[in-house]
Amino acid sequence: MLDISHLRRDLPAVVARLETRKSPQPFLDVARFSALEAERKTLQTRTEALQAQRNSLSRQIGQHKAKGGGGAVPVAELMTEVAGIADEMKSGAERLEAIQAELQGLLMALPNLPDASVPVGADESANLEVRRWGSPGEYDFPVKDHVDLGAPLGLDFETGARLSGARFSFLKGKIARLHRALAQFMLDVQTEEHGYTECYTPYIVNREILEGTGQLPKFKEDMFWVLRGGDKGQPEQYLISTSEISLTNSVREQIQAASDLPIKLTAHSPCFRSEAGSAGRDTRGMIRQHQFDKVEMVQVVAPEDSDATLELMVGHAEAILQKLELPYRVVLLCSGDLGFGAVKTYDLEVWLPAQATYREISSCSNCGDFQARRMQARFRRAGAKADSKPELLHTLNGSGLAVGRALVALLENHQLPDGSIRIPAALRPYLGGLDLVSAR
């Protein structure tokens, strides 16, 4: 959530930065925001005046009573006036509460402001390639895609569709083991080499948790939600679309000590996404699924450290791709392609031979204090007094990596003419030393 004082100080500048993002309609109803702000100021000024007037009258009443009720104006008349002021103040307080709630609603719908280093552009065509690693392989045989390569190994879309509908898969046998090996390998690299703490988190969370990381209220249709026992009297709960949600919210409504920063967390979890608005896209295979697995990285840091931390996290994701010997590129997203909560994002795109293109496999984002403000996640600097005002933390997240897409990339990049898959050296310990996986 944006700092409302920023909007109050320089509304045109905030609106100009918001308009660099992609949106079918204006992000902020400027006229409504301005009207609410004007009314808020008027009410607060009037409330301060009424408070001063009531205090003055109360002093007069006290003085009159001390003198036995004497004075030019009867005590009863003064008390009636005080009661009238109290009624007006109560009415004003109720209206002010309604205004604040509406302003809060406007703020909750606003995305984060792009960082100054983010290129301005309307869509992904304006994204900036930063670097590449590895070269796409050359094959002297017809390249197969992951669907044809995976089927003999146990990749079964028919059973997935029969159980749950389109965009679900069923893995069994060798490919299920390969999928598990990838997830375990990623966790080990992030914990043992990069210093993250492994976590196991709930897959179902409360509404306010999704509000904290920005998925709600704007993106409800992208989520799967449940009611306990179908009872509409129960609060809504949601299946997580990424463990970023639960990992980041683990610091909500807390004040951290500066000495405990950075907080580095990772988790392997399923992710559930309705893929609203993606009809017709990537209908073949595992690229766009309603359920997929991901190893997530989250860091919670002091504000001055978040820029450098983003670069480090990109490197942590890159390390996985390099160990798996998968060609990729790093792309800096433009303003029109940024996610809702991000000030800056790098995508890692892995090469897929069957598509002859790079496809996203990781997204690493700095959210600044956007999520922390929604969660009230704060810290107190070393040496600060216990009663000093704590500061908002900065939160960052990144995929380290999407397991299903890593499986797709592994199958396609390391395929051999007979359809078997060469296993990179770094992954072999997780497969009992196998250097080749085949249907035989």
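In what sense do strand E10 (residues 291–301) and E16 pair, and over how many bridges? In this predicted model, the two strands pair in the antiparallel sense, over seven bridges.

Strand E16 itself spans residues 394–402 and is mostly covered, with nine of its nine residues buried.

Helix H12 covers residues 403–413. Helix H7 (residues 174–193) packs against H12 at an angle of about 115°, and the two axes lie 10 Å apart. The crossing of H7 and H12 is right-handed. On the H7 side the contact is made by Ile175, Leu178, His179, Leu182, Ala183 and Met186, which meet Val403, Gly404, Ala406, Leu407, Leu410 and Leu411 of H12. Sorted by class, the residues of this contact are 10 nonpolar and two polar, with no charged ones.

Two of these H12 residues, Ala406 and Leu410, are also in contact with Leu326. Leu326 sits in the loop between helix H10 (306–323) and strand E11 (328–332). Leu326 counts as buried because its relative accessible area is 0%, where the cut-off is under 20%. Leaving aside neighbours within four places in sequence, the contacts of Leu326 also include Trp133, Leu321, Val350, Ala409, Asn413 and His414. The C-alpha atom of Leu326 is separated by 16 Å from that of Asp435, 109 residues apart along the chain.

Notes: Residues numbered from 1 in each chain as written. Predicted model: local features only at pLDDT ≥ 70, side-chain atom pairs only at ≥ 80, totals over all residues. Heavy atoms only, no water. Helix = DSSP H or I, 4+ residues; strand = E, 2+ residues; numbered from the N terminus. Buried < 20%, exposed > 50% of the residue type's maximum accessible area, 1.4 Å probe, protein only. Contact = heavy atoms within 4.5 Å. Pairing = 2+ DSSP bridges. Axes fitted to C-alpha atoms, helices over the stretch in contact; angles between N-to-C directions. Left-handed = near helix turned anticlockwise from the far one by under 90°. Nonpolar A, V, L, I, M, F, W, Y, C, P; charged D, E, K, R; others polar.
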